[in-house]
Amino acid sequence: MATAAPNPLKSGLTSLSSSAYDYQYENGRRYHAYHPGQYLLPNDENEQERLDAMHYVFQLVLDPGLCCTELNNPLKILDVGTGTGIWAIDMGDLYPSAQVIGTDLSPIQPNWIPPNVSFQVDDATDPWAFPKESFDFIHARSLAGSIQDWPALIRKAYEHLKPGGRIEFSEARMRFRYDDNTYSQTSTTRWWMSEFDKIARENNLDFDAFPRFGNSFRQAGFTSVVEGERPCPIGLWPKHKKLKEVGGVFKAQLIGSALDSYSLALFTRLGGWSGVETHAFLAEVRKELAERRMHLYTHCSFAVGQKPVSCHR
C-alpha cells in the first residue's frame, strides 16, 4: 500500500472556503453546504458507512474489482462524485504511478490518503477547472438523482479525456425486480417505491438514468460503448453463496440507512410529507423488508466507452 499523506482539504492547504463545512441539518440527518440542495442525500456518518458498504457491493459484483474498464497503466484518473473517497483511494493504491483526483460537494474524505490521491470540493455540473484532454480514465458512480443534464456531464467527460481515454458510469439501480409472487401488490415496499417515483417524476429528478447512458456516450462521440448489468439481490434468499453475500450487504445498507438517505429530503422538501410521517412510513418499509418474505433484486449496472484515439470534434 502506498504511504499515506495528509489530505489538503482537511489540513488547510487549500483555498476551500470554510462555508463548505457549514453543513445543513434536517430530519435528524446532515447535508452538504456547498451548492445546497444540488444533492438530496445526506453526508453524515451513517451515509458514509452506507457508501462504503456499497463500494464493497460493487467490488463483489465485479468479482472482485474496482471497475469494468480494462486499464493499461493510467496516469491521471478522475472520480466524479467521490463520496467518502474510498474508490479513489483504492485506485491510488492499485495504480501508484497515477494521479487520482476525486471531486464531491462534501469534504468528507479521510485525513490520511495515498500521496498520489487528492480531493476537491466541486459541483460536477459546473464548468470543470481541469485542463481538457488531461485524463486517462473518468469514473462516476451512484450519481442518479443529482444530475439534471446527463448528456452535458458526459460531454464534459469527453472533452477532458485524452484521445484513447476511457469512461465508466455505474449505478445501483433504483428499480426492485422479482421473479415470483413474493412481492405483493399491497406491499408497503411497493407503495414506497411508487411514491418515491411519483415525487421524483414530478420534480424532474431521474433516479434511474442508466438506460440512457449508452446512447448519451455514443452521441458525445465515445466508441466501443458497452452496457452491462449484474444482479444484486436484496437479502439472503439466493442459494448461490456469492449472491447471498451481495444480498446480505445490500439489504443491510438499505434497511440501515439507504431508505432514509434517499427518502427524507425527497419526501419532505419536495413531496409535501412531514418528517414525522416520513419516518413512520419508512419504519413500516424496514419492518417488511426485515421479514425476509420477498425475493427482490436490483442490478449494479455499468456503461463504458472510449474516446477515439484520433478525434476531431
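Visitor: How much space lies in the largest pocket?

Guide: About 210 Å³. The volume is the space filled by probe spheres set on grid points, which are joined across faces, edges and corners.

Visitor: What makes a space a pocket, and what makes it a cavity?

Guide: In a cavity a 1.4 Å probe fits but cannot get out; a pocket is an open set with protein on both sides within 12 Å along at least five of seven lines. Keep in mind that this is a predicted model, where local features need pLDDT of at least 70 and side-chain atom pairs count only at 80 or more, while totals for chains, interfaces and linings use all residues. Residues are numbered from 1 along each chain as its sequence is written, and side-chain values use heavy atoms, without hydrogens or water.

Visitor: Which residues lie nearest the centre of the largest pocket?

Guide: Cys68, Thr69, Glu70, Val226 and Val304. They belong to a lining of 14 residues, each with an atom within 4 Å of a point.

Visitor: Which elements give two or more residues to that lining?

Guide: β9, β11 (223–234) and β12 (296–306). β11 gives the most, with five residues. Strands are DSSP runs of E, at least two residues, and helices are runs of H or I, at least four, numbered from the N terminus.

Visitor: How does the lining of the largest pocket divide by class?

Guide: Six nonpolar, four polar and four charged residues. Nonpolar covers Ala, Val, Leu, Ile, Met, Phe, Trp, Tyr, Cys and Pro; charged covers Asp, Glu, Lys and Arg; the others, Gly among them, are polar.

Visitor: How many cavities of 30 Å³ or more does the structure hold?

Guide: Two. Of its 32 lining residues, Gly81, Thr82, Gly83, Asp104 and Leu143 are the closest to the centre. Elements giving two or more residues to this lining are α2 (45–62), β4 (76–80), α3 (86–94), β5 (99–104) and β8 (135–141). The largest share, five residues, comes from α2.

Visitor: What lines the second largest cavity?

Guide: There are 18 residues, with Arg50, Ala172, Met174, Phe250 and Tyr262 nearest the centre. α7 (241–270) is one of the elements that supply at least two. α7 gives the most, six residues. By class, the lining has 13 nonpolar, two polar and three charged residues.

Visitor: What makes Lys242 and Asp63 a salt bridge?

Guide: Their closest N and O atoms are 2.6 Å apart. The rule asks for a side-chain nitrogen of Lys or Arg within 4 Å of a carboxyl oxygen of Asp or Glu, so the pair qualifies. Lys242 lies in α7 and Asp63 in the loop between α2 and β4, so the pair ties together parts that are 179 residues apart in sequence.

Visitor: Is Asp63 buried or exposed?

Guide: Exposed, at 54% relative accessibility. Exposed means over 50%, buried under 20%, and partly exposed in between (1.4 Å probe, protein chains only). Lys242, at 24%, is therefore partly exposed.

Visitor: How do you know that Arg173 and Asp208 form a salt bridge?

Guide: Their side chains meet at 2.7 Å, N to O. That value lies within the cut-off, so the name applies. Arg173 sits in the loop between β9 and β10 (177–178) and Asp208 in the loop between α5 (188–202) and α6, so the pair ties together parts 35 residues apart in sequence.

Visitor: Why is Asp208 called buried?

Guide: Because its relative accessible area is 8%. Arg173 is buried as well, at 11%.

Visitor: Which residues are linked with Arg173 and Asp208 in a network of salt bridges?

Guide: Arg175, Asp197 and Glu229. The whole structure has 16 salt bridges.

Visitor: How far apart are the closest N and O atoms of Asp136 and Lys162?

Guide: 3.2 Å, so this pair also passes the salt-bridge rule. Asp136 lies in strand β8 and Lys162 in strand β9, so the bridge ties together parts 26 residues apart in sequence. Lys162 counts as partly exposed, at 24% relative accessibility.

How values were computed:
On a 1 Å grid over the protein atoms alone, a cavity is a set of points where a 1.4 Å probe fits but cannot get out, and a pocket is an open set with protein on both sides within 12 Å along at least five of seven lines; lining residues have an atom within 4 Å of a point.
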